[in-house]
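Here's a quick tour of one structure, with a look at a helix and some ring contacts. Have a glance at the model first.

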Amino acid sequence: MRFWCESAWLDGAVASSVLVEETGGIITSVVAGAPAEGAERLGGLVLPGFANAHSHAFHRALRGRTHGDGGTFWTWRTGMYALAQRLDPDSYLALARAAYAEMAIAGVTCVGEFHYLHHAEGGRAYADPNAMSEALRQAAAEAGVRLTLLDTCYLAGGIGEPLNETQLRFGDQTADRWAERVAAFREDSNTRVGGAIHSVRAVPRSSLADVAEGISIDRPLHVHLSEQPAENEACQAAYGLTPTQLLHEAGVLSPRTVAVHATHLTAHDIELLGNTRTGACFCPTTEADLADGIGPARELVDAGSPLSLGSDQHAVIDPILEARALEHGERLRSGERGRFTLPELMTASTRAGHGALGWTEAGSIAVGAPCDLVQVRLDSPRTAGSLPEQALLSASASDVDTVVSSGVVVARDGWHERLGDVGRLLNDAIEGLWT
């Protein structure tokens, strides 16, 4: 396939009349200033495919159902537990497929699934212990997005507390049993496997190093970190350490590790994360929706932590909005504009996100990268008059037109080429869970 881009994001800047050629889903040639003859034309601005570095697919069924009565993160969690009890491999497949299709039409070409809904009611294993993981594999393949399954270890209901009835579905009893189950799930051309520590609340101090060692050193390892002040307080009370210090003591922090949220950090925490080159994944729309707070993104990047972005509970699926919300959060807490440059925001949305998920070859329009292209309209009511290089600060997912994933057109003008009407798909998957 040959794609001609009216303008495209290349090497940190916008270039005009860019011809992209691919073979077998991999870019073989990128030429600026080229004619369009014989190529599919992509108007507006073409960006690399976005990486959604932090997803809980089943949370998509909570959108529009948890916002009316106020509350906190902890009251929201009650609704999440109620939803988790309703899912099985078939309904999980339908919901995840719809959620990933929504990502695809928004320009996401790779998703990191922080997956902890493993077992049947009461913690009983399915006939295939990885049946829920297989549902995610199939969902991503059908939606046309690459998947990194971040299989999550979840052993405790809180520091020093047993799993509750719902959490039994999340747990594998020991770190060794978790690692054995993960090892039985195989990668394929569209799926890579990493690991995750749910949090210092859900994995005891004595098991942290075991979880880190249970996943190959060349695979990503993610962890929810300091999303809520209550987590910090419980960790300090139990261990006399912040969650970051506890993870560092256990040898968890490293360049392959990604701290998700990283909201309530001390200056020493930031130093530890930066010095170990541990990544940070911010999820600004979720952190706003759940009243988590605004984390120190600029300080983390300056300290040496690569920054990526995710949509987490999917209150919004819009990678452009996540990037803008990151910058807006920085402006709100600092009183300054332009805390992140546009190239930095693009890197967090694309190349750094793919790297955080173990797809280091992806995330740019360059020879050797997967041919992932996202066409953003520059003539919509939102983008008309925008400079192409500033479209990330004016556009939304509604302005995404054609999406190419590994050389295949998966979406056009909000319509999924394989699955059709994504709104209908979502409605069918979600309504059945609540009736």
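A residue counts as buried when its relative accessible area is under 20%. This is a predicted model, and in it tyrosine 116 has a relative accessible area of 3%, so it is buried. Phenylalanine 58 is at 2% relative accessibility, so it counts as buried too.

What does the search for aromatic pairs turn up over the whole structure? It finds 8 of them.

| Pair | Geometry | Centre to centre | Angle between planes |
|---|---|---|---|
| Phenylalanine 58 and tyrosine 116 | edge-to-face | 5.9 Å | 80° |
| Tyrosine 116 and tyrosine 154 | tilted | 5.9 Å | 45° |

The tyrosine 116–tyrosine 154 pair ties together distant parts of the chain, 38 residues apart: tyrosine 116 is in the loop between β6 and α3, and tyrosine 154 in the loop between β7 (146–153) and α4 (175–183). Tyrosine 154 is buried as well. These rings belong to one aromatic cluster made up of Phe58, Tyr81, Tyr92, Tyr116, Tyr154 and Phe170.

Now for tryptophan 359, whose ring has arginine 192 over its face at 3.6 Å from the centre. The charged end of arginine 146 also sits over that ring, 5.3 Å from its centre.

Then there's helix α2. Its 17 residues (89–105) should span 24 Å at 1.5 Å a residue, and because the end C-alpha atoms are 24 Å apart, the two agree. Most of α2 is covered, with 15 of its 17 residues buried. After α2 comes glycine 107, with a positive phi near 100°.

Definitions and conventions
Residues numbered from 1 in each chain as written. Predicted model: local features only at pLDDT ≥ 70, side-chain atom pairs only at ≥ 80, totals over all residues. Heavy atoms only, no water. Helix = DSSP H or I, 4+ residues; strand = E, 2+ residues; numbered from the N terminus. Expected span 1.5 Å × (residues − 1). Buried < 20%, exposed > 50% of the residue type's maximum accessible area, 1.4 Å probe, protein only. Phe/Tyr/Trp six-rings, centres within 6.5 Å; stacked < 30°, edge-to-face > 60°. Lys NZ or Arg CZ within 6 Å of the ring centre and 35° of its normal.
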